[in-house]
Number of protein chains: 2
Amino acid sequence: MELEEFKREIDPLILDFLDRKIKNLPSHANKNVDYYLEYLKKFLTEGKRIRPYLAYITYKAYGGKKDKEAINLLIFLELFHAFALIHDDIMDKADKRHDIPTAHQYIKSYVSNIRDIDSLHFGVSEAILLGDYLYSWTNELLNSNKKFEEKILRKVRDIFFRMNDEVFLGQMIDFDITLNEKANEKDITDKTILKTAYYSFVRPMHIGAALTGNSFDEKFFINFGKALGLAFQTQDDLLDIKYDESQTHKSSFNDIAARQQTVFVYHVFHKGSKSQKDLLSRYFGKKLNNSEKLKLRKIFEDSGAINYGEKIMKENFNQARKILMKQKIDKKHKTQFLNLVEKIERRTS
Amino acid sequence: MELEEFKREIDPLILDFLDRKIKNLPSHANKNVDYYLEYLKKFLTEGKRIRPYLAYITYKAYGGKKDKEAINLLIFLELFHAFALIHDDIMDKADKRHDIPTAHQYIKSYVSNIRDIDSLHFGVSEAILLGDYLYSWTNELLNSNKKFEEKILRKVRDIFFRMNDEVFLGQMIDFDITLNEKANEKDITDKTILKTAYYSFVRPMHIGAALTGNSFDEKFFINFGKALGLAFQTQDDLLDIKYDESQTHKSSFNDIAARQQTVFVYHVFHKGSKSQKDLLSRYFGKKLNNSEKLKLRKIFEDSGAINYGEKIMKENFNQARKILMKQKIDKKHKTQFLNLVEKIERRTS
């Protein structure tokens, strides 16, 4: 099954689950709360489903046979992801994601005409709770499953909790290094490995394999996931500065506004000319207007940062493919992994 | 076992658990993150442990025999509570809790001398993650327990997830009604029942009883918990406006600053004189200075709001006792419940 078909299968399951959960909340009189909760359904119709798909093809490659049951369980990865994004978007002060407002912005707009209300704080507060709900439902879903043996589920939950520890730590470091213009290189590596490589690639594969109940070698997931993760993160950072919003469907130069440490920022601050460094320093932490965006984009190009980043990206995509080719997986499943790498490499959003 | 002795037993278990979790996080180079995580240990040395204690005495009253194992498991209620408080304090813009700074304030102070940093936003962001960590560890602890039968644990987790749905909904409503000066009365009742009665009393008892594996009647928990919850919430709201900070160890008039709908606010807005309403309206949503606090306190007294609230409180504490007296529980355990009600009734913080 390719990614697009998988998305068509899993999407209705995600929405059904949300619908059921929201309908079964305790009865109450507050209509606004219903409006806030509706956002979760809007938000979760979007997304590429890369993480559950990767878990799924790993499940198949390692001999998993319960296709439907596996997909039904793996929606937990999307619920968790949506939770993490809602909380992250608060921290990054992001306004848009997937072409729709972020949760706190959606709620902020709803109350912005009410007198004496700090509408941003209000939006942030209710959005924290929307995230908490999704996280609770992630755990509930993992707990209530009866289609897999308890022993297997326990193992999956163990990996899931390890992933939680990793991704929160990655996010804590990621946010912490926004304190300084020149971040410690080790911090940048740590956060990319924890928050991108392990979270998006290593652990989904690990979970897919564990779900089979069969034996597996974690090393393949780690090596492949690290290469793919490094490529993916660099690509993500590149999309933020190289393309227009019309193309990526996200606000651009958001990383700059949020003082995110990327390989591109690092390159300009360490290899750029004095005037290039000064301009980046002046713009760092600012929401830029269009002409400022063009100026800064030119600096990323002229300083060689973009070339450098594109090289890292390419090398790591190739490295991921090389690791795949060497791995003993049958051809049919190997092709699915290779196709996924290619799809990620070609993404524009 | 009385509450104080229980606290002495459970406190080291909570700190040991946190210590182990923090030490076992993936290795990293970021010292600030270690400083943020240390906060969790400071925060969790405080607290009265009412929820796990209530679960514990219910466990004993319904025939539970594994004392140590039960206490070890019930720390999950305190981890969850600390998570909920950290996120709530962000929403309520609270500066202090238990005489120490709230999580976001603790982190805000740490970075407040760094140039160009929105230190409050930074504190809030890292505090959201501290909460997320505690919430994850709550689930992990419930998942990894091997001292109780899986069937029992599954039941406990089911109740826990129901409690999650209730408390988040209660908090969403609670925060939503800060939008209006005059809240819908049904909203106020809904949030008090969900967020105080069920969360602090009904579900802890329910969990304690479920942990025995024996049969029980949920109705007792609901009736007793609702009366105690209504009394407790009214008392909580009273403590905010009637006493000085030196006595309660929390900032006072915080509910007013956070536009919280309490029975006292409701009373003044519906039964107060025009000048009383006007003053409350002017102060609603404001951080008050000391002379403003004194003025507002006088209005709560003169309007009869405080008398009215104290009456509700007294009636409901008595109602809780009446329900207890009628319940078939042996005398020894009944005394523990009665002592707890009395301790709550006498609290000044």
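**Symmetry.** I superposed chain B on chain A in this predicted model. A rotation of 180 degrees with 0.0 Å of shift along its axis does it, at RMSD 0.0 Å (least squares on the C-alpha atoms of residues with pLDDT of at least 70 in both copies). The two copies are thus related as by a two-fold rotation axis. I then looked for the residue of chain B that comes closest to this axis: Asn139(B), its C-alpha at 3.6 Å.

**Conventions.** I number residues from 1 along each chain as its sequence is written, and letter chains from A and number ligands from 1 in the order written. Local features need pLDDT of at least 70 and side-chain atom pairs 80 or more, while totals for chains, interfaces and linings use all residues.

**Interface.** I counted 46 residues from chain B and 46 residues from chain A in the contact (C-beta atoms, placed from the backbone, within 7 Å). On the chain B side, I find α2 (31-43), α4 (67-91), α6 (119-144), α7 (150-176) and α8 (185-212) each giving two or more residues (helices are DSSP runs of H or I, at least four residues, numbered from the N terminus). The largest share, 13 residues, comes from α7(B). I sorted this side into 22 nonpolar, 12 polar and 12 charged residues (Ala, Val, Leu, Ile, Met, Phe, Trp, Tyr, Cys and Pro are nonpolar; Asp, Glu, Lys and Arg charged; the others, Gly among them, polar). Of the interface residues of chain B, 100% are also interface residues in chain A, so the copies meet through the same surface.

**Leu134(B).** I checked its contacts beyond neighbours within four places in sequence: Leu40(B), Leu79(B), Ala82(B), Phe83(B) and Ile86(B).

Technical notes
Contact = placed C-beta atoms within 7 Å.
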